[in-house]
Amino acid sequence: MELYEQHLHSTFSFDGKSSPLEECHAAIEKNLCGICFTEHFSVDKFDVSFGFMRYEKYHEAIENCKENFGDRLKICRGLEIGEPHLEKCRSVLENELSKMDLDFIIGSIHNIGSVKLRIFRAGKTSEELYAEYFSEILKMVETADFDVIGHLDLVKKYGVSKLGDENFQPPGDYEPARYEKILRKILSRAIERGVGIEINTAGWRTPAHEQYPKIEVLKLYWEMGGELITIGSDAHHVKDIAANFDRAAQILQAVGFEKYFCYFGRQPFPIYF
């Protein structure tokens, strides 16, 4: 199987630990065919990534990677945009994106009401936490300009663990059947708009102990006719690039997927298993 990494952070993200050159080298060592850098980006001044990524330097760095490794590795430039649907940021975000040459955009929810999920969860019941999170995902899918929903059920990481707050009582995991109505709305709107989802292997490296999203959500997407799906490790360090991709591929095939996708020039291209 040809391996394309579609969710990857370097030192151009506020929490990235490895340089683009280091990550390209690691990708070649792991026999990947291609990678797409998806650096954190936000124009919301309350977001931790606000003002960190400088596009001109990012563009230059990826061009340098292409010069050094382009004969051995397909290298793409993308973003992971936090809350790209926020009305207060819409015009500024559109203006910034118009200046960028991008292959791929992930849309993700890391905050609700400009509050980090880890903090937002405080005082919430399980139902409140998951319902409000999925509602925010739906708002994003209905209006924002992006290609793939990032880690669709990321919030479960904050639902099952204290994660630095010893006084917090985790409300627990969620049952997809309980939220099927809104999950169907999310996936239906995504399919209508040509927006995909990802299977994100980072969940296996967190207290969630499983991929994002749950297999029930992947099955629902498949049953509804969804096809656009990418595989990403969400790596922030070279050691995690393409982590558990074989496991992710096995899950996708078991669900019924015959292919996954990589993006070039914001267009999806199939990679068959």
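Let me open with Lys239, which counts as exposed at 59% relative accessibility. The side chain of Lys239 meets that of Asp240 in a salt bridge, at 3.1 Å from N to O. Asp240, by contrast, counts as buried, at 13% relative accessibility. By salt bridge I mean a side-chain nitrogen of Lys or Arg within 4 Å of a carboxyl oxygen of Asp or Glu.

Some words on the basis of these values. This is a predicted model, in which local features need pLDDT of at least 70 and side-chain atom pairs count only at pLDDT 80 or more, while totals for chains, interfaces and linings use all residues. Residues are numbered from 1 along each chain as its sequence is written, and side-chain values use heavy atoms, with hydrogens and water left out.

I turn to the overall fold. The protein has nine helices and eleven strands; these are DSSP runs, helices being H or I of at least four residues and strands E of at least two, numbered from the N terminus. Its radius of gyration is 18 Å, which agrees with the value near 19 Å that a compact globule of 273 residues would have. That radius is taken over C-alpha atoms, and the globule rule is 2.2 Å times the number of residues to the power 0.38. Along the principal axes, the C-alpha atoms fill a box of roughly 50 × 40 × 40 Å.

Of the 273 residues, 56% are buried. The protein exposes about 11,900 Å², and carbon and sulfur atoms supply 48% of that area; the areas come from the Shrake-Rupley method with a 1.4 Å probe, and for residues only the protein chains shown count as cover. As for contacts, meaning heavy atoms within 4.5 Å, consider those between residues at least 6 apart in sequence: 76% of them join residues at least 24 apart.

Next, the charges. The structure holds 20 salt bridges. Which residues are linked in a network of them? They are Asp153, Lys156, Asp173, Glu210 and Lys214.

Let me now consider the backbone. Most residues other than glycine have a negative phi, and most peptide bonds are trans. Against that background, the bond from Tyr212 to Pro213 is cis, with omega near -10°. Pro213 sits in the loop that runs between β8 (196-200) and α8 (215-223).

Where does Ala242 lie? Its place is the loop between β9 (229-232) and α9 (245-255). Ala242 has a positive phi of about 60° although it is not a glycine, and it counts as buried at 14% relative accessibility.

Glu83, likewise not a glycine, has a positive phi of about 50°. Glu83 belongs to the loop between β3 (74-82) and α3 (90-97). Is Glu83 buried or exposed? It is buried, with a relative accessible area of 5%.

Glu83 also leads us to Asp47. Leaving aside neighbours within four places in sequence, Asp47 is in contact with Ser42, Glu83 and Asn111. The loop between β2 and α2 holds Asp47, which counts as buried at 11% relative accessibility. The C-alpha atoms of Asp47 and Gly82 are 8.1 Å apart in space, although the two residues are 35 apart in sequence.

An α-helix has 3.6 residues a turn, so residues three or four places apart point the same way.

Key. Buried < 20%, exposed > 50% of the residue type's maximum accessible area, 1.4 Å probe, protein only.
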